[in-house]
Amino acid sequence: MGRAFEFRKARKMKRWSAMSKAFTRIGKDIVMAVKEGGPDPDSNSRLRAVIQNAKSVNMPKDNIERAIKRASDKSQGDYKEVLFEGYAQHGIAILVETATDNNTRTVANVRSYFNKCDGSLGTSGSVVFMFDHTCNFKIKGEGMDLEELELELIDFGVEEIFEDTDEDADGNEVNSVMIYAPFESFGKIQAYLEENNIEILSSGFERIPQVTKTLNAEQVADVEKLIEKLEEDDDVQNVYHTMQEAE
């Protein structure tokens, strides 16, 4: 298995760990999608993808519809996606994806977290090159021939396809298939899956570190202090780093 498989295995228990935080993130994603392409998911592929993600974390239908309605209101402010780069202690590169309606506030907060945790906020381009920007899709796994699917999608740049398991709300194991490809392949793969009636359970983008660094337990705790502070901030959507994660 490749880096995407290992990355997914290490992070999936942490991702969307707090339901309220997941809803906040998706609410912002809905606003950005509606502002970009309108409130109709049939003609807005980005909004379709966000709605799929909302359903995958059991966001109530009423919440989704209210978020779309609010986003359609001209008085609703827009969110800007801003990327922050820096270093935690022990030479660990940190990449922070934010969605903010007040960049001054977000910059001040992110800078304070780095300072309080003995890290350093860097300039644009200082660490982003250490991560591969990927897109991913989770699809239903039943009756799926992975080799055949990979052959169909290889022309779209797909790099890894593998089986995955999750638990549903009742604790039952659910099989699925994960697809990873370069960031720019998202639209083509989404279109292929929809045209072939392959159900997309969720989709998104991730930044996978090209090289990771192993730390001892005390050093890991130092780095996790910064990661936790960043992830608690409402403006922060995702935090990526080059520290080797335990499974």
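In helix H6 (residues 146-153), the buried residues are Leu146, Leu149 and Leu153, where buried denotes under 20% relative accessible area, exposed over 50% and partly exposed the range in between, computed with a 1.4 Å probe on protein chains only. Because these residues cover an arc of only 65 degrees around the axis, they lie on the same side of H6, the arc being that of the directions from the helix axis to the C-beta atoms. An α-helix has 3.6 residues a turn, so residues three or four places apart point the same way. The exposed residues Glu147 and Leu151 are carried by the face of H6 turned away from its buried side. At the N-terminal end, H6 is capped by aspartate 145, of which a side-chain oxygen lies 3.1 Å from the backbone nitrogen of glutamate 147; a polar contact is a pair of N or O atoms within 3.5 Å, for which, within protein, one atom must be able to donate a hydrogen and the other to accept it, and residues adjacent in sequence count only if both atoms are side-chain atoms.

The model is predicted, with local features requiring pLDDT of at least 70 and side-chain atom pairs counted only at pLDDT 80 or more, whereas totals for chains, interfaces and linings use all residues. Residues are numbered from 1 along each chain as its sequence is written, and side-chain values use heavy atoms, with hydrogens and water left out.

Helices (H or I, at least four residues) and strands (E, at least two) are DSSP runs numbered from the N terminus, and two strands pair if DSSP finds at least two bridges between them. Four strands form an open antiparallel sheet in the order S3-S1-S2-S8, with S3 (120-121) and S8 (236-241) as the edge strands, each pairing on one side only. Within this sheet, S1 (residues 80-87) and S2 are joined in the antiparallel sense by eight bridges, and phenylalanine 84 has valine 96 of S2 as its bridge partner. Threonine 100, which belongs to S2 (residues 93-100), is buried, with a relative accessible area of 3%. Its side chain reaches the backbone nitrogen of asparagine 102 at 2.9 Å, and threonine 100 touches residues including Asp78, Tyr79, Arg105 and Asp235, not counting those up to four places away in sequence, contact meaning heavy atoms within 4.5 Å.

Strand S4 (residues 131-140) is largely enclosed by the rest of the structure, because seven of its ten residues are buried.
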